[in-house]
2 protein chains.
Amino acid sequence: MRMAELSRVTGVSVATIKYYLREGLLPPGEVSSPNQARYDDSHVRRLALIRSLIDVGGLSIADVRRVLTAIDTPDVSMHDVLGAAVHALTPPRPAADSDEGYQKAAVMVDELIARRGWRLGDASPTRAVAAEVLARLDSMGQYEIIRALDSYAAAVETIAKADLAVVAAVEGRDARAETALVGTVLGDVLIAAMRRLAQEHFSAQQFPSSTG
Amino acid sequence: MRMAELSRVTGVSVATIKYYLREGLLPPGEVSSPNQARYDDSHVRRLALIRSLIDVGGLSIADVRRVLTAIDTPDVSMHDVLGAAVHALTPPRPAADSDEGYQKAAVMVDELIARRGWRLGDASPTRAVAAEVLARLDSMGQYEIIRALDSYAAAVETIAKADLAVVAAVEGRDARAETALVGTVLGDVLIAAMRRLAQEHFSAQQFPSSTG
């Protein structure tokens, strides 16, 4: 199909498609004449992926490029595709937090990981995110939330097992990498949404009066 | 304490504190002379809350104002404080999705809610977010993720029950509202981080080779 049809089918404007081509997010079409290229279903699929990561996942163009590069590099392992997604989604930690509170929280995360028996690399940026959150909770005196950490971790293990079962059910390295990426990024949004729905349900049971 | 000390204690610059005062995020201090006001621990606490919501939760100033207004209004129920947090965190749904795919996904969400026995108001914006994610997954052919929806929902119920237990353990309406807000916003980030750590653990077990 030509670019006009690609735009019509996907609902993405021609200007935006051209921008994604320039930025290297979308592979070029097959050149059919000096001024024309042809696009196929792989482009339709890729555009849907890009728009989902941006619209729903909240990723920036730079983030999307990083995770798509990981997907598109054949010798990048599944593990590294997920790693790229993690990096893309990991907010930079404010410099002010290289303090005592953060160090204490980092130990808390290490101890949690040991209690759960998780075998992880040392350098995961995700450890730093978890420690950052715990340091903030501690500094705000939100000890009840911290006390519930193991309950949350147990539920999260169930989620991660489901994640891996989903990825294992998909055939082929590229499709599997895409599922891992989409499942992680859009999955976070879905899990957060369902968490609020379930909260609303249990909250109405526990705080039936209007004054909470 | 004076503003300079408030800045020193919290690590938030005087310019930023003045901005939060102007924007109504931080209540004014007690006026001690025509050009001076005194601040106390409630201001320290509030600044930590504001910075956490912005730095970790990714909320905008407008979002923070909305959720703090809900917390600060005494006759707003616990339920409505959480509702305000949900609204603040709910991305506006792109207009393009009032289509067939979205309608189908909205039915999927209704059916999920019925299967789980969740009793919810009809108009929750969270339903729309969940439907939006499902519509995107469906349009990308990510059926394995959709198939795992009930596994995710079961895990999320465990999380929501822990959330409610945390909130119930906190005494006093204001402290409880703050915990509900912080637990939801920072909790999402913590859950996403732990999900990646658990994924990494199970992924290394399931895909031990470097080619995934």
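Predicted model: local features only at pLDDT ≥ 70, side-chain atom pairs only at ≥ 80, totals over all residues.
Residues are numbered from 1 along each chain as its sequence is written, and chains are lettered from A in the order in which they are written.

**View 1. Helix H1 of chain A and its buried side.** The buried residues pack against helix H2 (14–22) and helix H3 (41–55) of chain A, with contact meaning heavy atoms within 4.5 Å. On the face turned away from the buried side are the exposed residues A:Ala4 and A:Arg8. Just after H1(A), A:Gly11 has a positive phi of about 75 degrees.

**View 2. Tyrosine pairs in chains A and B.** Over all chains there are two aromatic pairs (rings of Phe, Tyr and Trp, its six-membered ring, with centres within 6.5 Å; planes under 30 degrees apart are stacked, over 60 edge-to-face, the rest tilted). A:Tyr19 and A:Tyr20 form a tilted pair, 6.0 Å centre to centre with 40 degrees between the planes. The rings of B:Tyr19 and B:Tyr20 are also 6.0 Å apart at their centres, with planes at 40 degrees, so this pair is tilted. A:Tyr19 is partly exposed at 31% relative accessibility, whereas A:Tyr20 is buried at 2%.

**View 3. The interface of chain A and chain B.** In this interface, 85 residues of chain A are in contact with 85 residues of chain B. The largest share of the side of chain A that touches chain B, 26 residues, comes from helix H10 (173–206) of chain A. Eight salt bridges cross the interface (a side-chain nitrogen of Lys or Arg within 4 Å of a carboxyl oxygen of Asp or Glu). One of them joins B:Arg196 to A:Asp188, with the closest N and O atoms 2.8 Å apart.

**View 4. The end of helix H9 of chain A.** A:Ala169 is found in helix H9 (residues 149–169). This residue is partly exposed, with a relative accessible area of 37%. The C-alpha atoms of A:Ala169 and A:Leu120 are separated by 24 Å.

Terms used. Heavy atoms only, no water. Buried < 20%, exposed > 50% of the residue type's maximum accessible area, 1.4 Å probe, protein only. Helix = DSSP H or I, 4+ residues; strand = E, 2+ residues; numbered from the N terminus.
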